[in-house]
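Thank you all for coming; I would like to take a few minutes on one model and walk through it slowly.

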Amino acid sequence: MLYIVSTPIGNLGDVTLRAVEILKIVDYILCEDTRITGKLLNHFGIQKKMEVFNDFNEEKVIDKVLADLKVDMNIALVSDAGTPLVSDPGFKLVREARSDHVRVESIPGPSAAISALTISGLPTDKFIFLGFLPKKNGKRLEILKNTMSSGVKIKSTIIMYESPFRILKTLAQIKEVFGDIEIVVIREMTKIHEDYYKGKISEFKMNLKGEFVLLW
């Protein structure tokens, strides 16, 4: 069995009872960073083997993981925070596991995109999720322009993630495409220093440390 296990996006108290039980019983855990996942395991008194699984080694690790699954091992895949595969590696592994008739089970839990949507004050019935935009300016602008067309047609809320290193640049590009619109920015979801901004892009002011969710 391959378990896709959601973990807290900030507050460790947000982990589900089922997630803790699964992490206890699997043969090993695939994670992006053993230091981050190690803190979660230590918090809940779990001693379990961890193997690194990220964007840089995904192709190399998949074959080994599939071989382990075929000999009846149980493996959990986690990301650094939130629901795995959502702007994180794992899609190819799940695809190959499904192709090999391996059972894949989701252990649902926190998601920064959904959590941000519910407290944004924006319409929640329809939304477009962009994840992290590409680093190249041309591709970023292309996606934003295409999103503007799609979002206007179906009147949906748009959600994306951004790092502290590109937040100001991204806001400038959103303004370039959408105009000086009202936007919601939520920083450090569920953590001690969680912060919320709602207003015009031109008036944005916020501590630039941490991870950001942008909605408009």
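Which residue in E3 does Cys31 stand opposite? Before I answer, let me say that this is a predicted model, in which local features need pLDDT of at least 70 and side-chain atom pairs count only at pLDDT 80 or more, while totals for chains, interfaces and linings use all residues. Residues are numbered from 1 along each chain as its sequence is written, and side-chain values use heavy atoms, with hydrogens and water left out.

The residue opposite Cys31 is Val52 in E3. Strands here are DSSP runs of E with at least two residues, helices are runs of H or I with at least four, and both are numbered from the N terminus. Strand E2, residues 28-31, runs parallel to strand E3, residues 50-52, and three bridges join them; two strands count as paired if DSSP finds at least two bridges between them. Between E2 and E3 the chain passes through helix H2, residues 34-43, in a right-handed β-α-β crossover, meaning that, with the strands pointing away from the viewer, the path from the first strand over the helix to the second runs clockwise.

E2 also pairs in the parallel sense with strand E4, residues 75-77, over three bridges, and there Tyr28 has Ile75 as its bridge partner.
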